[in-house]
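Colleague: I would like to go through this chain and ask what stands behind each label. Please set each value against its definition.

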Amino acid sequence: MDENSKLYELETEDHDGFLYAIAGGLRLTPEIALSYWREIIAICEEKGYSKILLEHNFVEMISMQEMLEIIVPVGELLKGRMFACYDRYGH
């Protein structure tokens, strides 16, 4: 377990044909985002899911600059998958 895993919580549920995940914490960082996406993808690969519904529950969102830093790595992780995202805080 790395230090980033202490900075967020990830809950997952199996649904008919997709993985439902809730990722949350106080502040989202690029490292945390990559970490929870890796966890989600590992679960999807284990269970054979290609669809993800992510509920985002971070109080403070990453900056636009930080978002641009992780777009490519997250895009690579999500290749061949479909996902939808809901943000509880409306960021």
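**Labels and their cut-offs**

Modeller: Along the sequence, the elements of the protein chain come in the pattern β-β-α-β-α-β. This is a predicted model, in which local features need pLDDT of at least 70 and side-chain atom pairs count only at pLDDT 80 or more, while totals for chains, interfaces and linings use all residues. Residues are numbered from 1 along each chain as its sequence is written, and side-chain values use heavy atoms, with hydrogens and water left out.

Colleague: How many helices and strands are there, and what makes a run count as one?

Modeller: The protein chain has two helices and four strands. Both are DSSP runs numbered from the N terminus: a helix is H or I with at least four residues, a strand is E with at least two.

Colleague: How do you know whether the radius of gyration agrees with a compact globule?

Modeller: The radius is taken over C-alpha atoms, and the globule rule is 2.2 Å times the number of residues to the power 0.38. For 91 residues a compact globule would come near 12 Å, and the protein chain has 12 Å, so the two agree. The C-alpha trace spans about 35 × 30 × 25 Å along its principal axes.

Colleague: Why is E55 called buried?

Modeller: Buried means under 20% relative accessible area, exposed means over 50%, and partly exposed lies in between (1.4 Å probe, protein chains only). E55 has 12% relative accessibility, so E55 counts as buried. E55 lies in strand β3, residues 51-60. In the protein chain as a whole, buried residues make up 38% of the 91 residues.

Colleague: What makes the pair E55 and Y20 a polar contact?

Modeller: A polar contact is a pair of N or O atoms within 3.5 Å; within protein, one must be able to donate a hydrogen and the other to accept it, and residues adjacent in sequence count only if both atoms are side-chain atoms. The side chains of E55 and Y20 make such a contact at 2.3 Å.

Colleague: Which residues is E55 in contact with, beyond its neighbours within four places in sequence?

Modeller: Contact means heavy atoms within 4.5 Å. With those neighbours left aside, E55 is in contact with Y20, A21, I22, A23, Y86 and R88. Among contacts in the protein chain between residues at least 6 apart in sequence, 77% join residues at least 24 apart.
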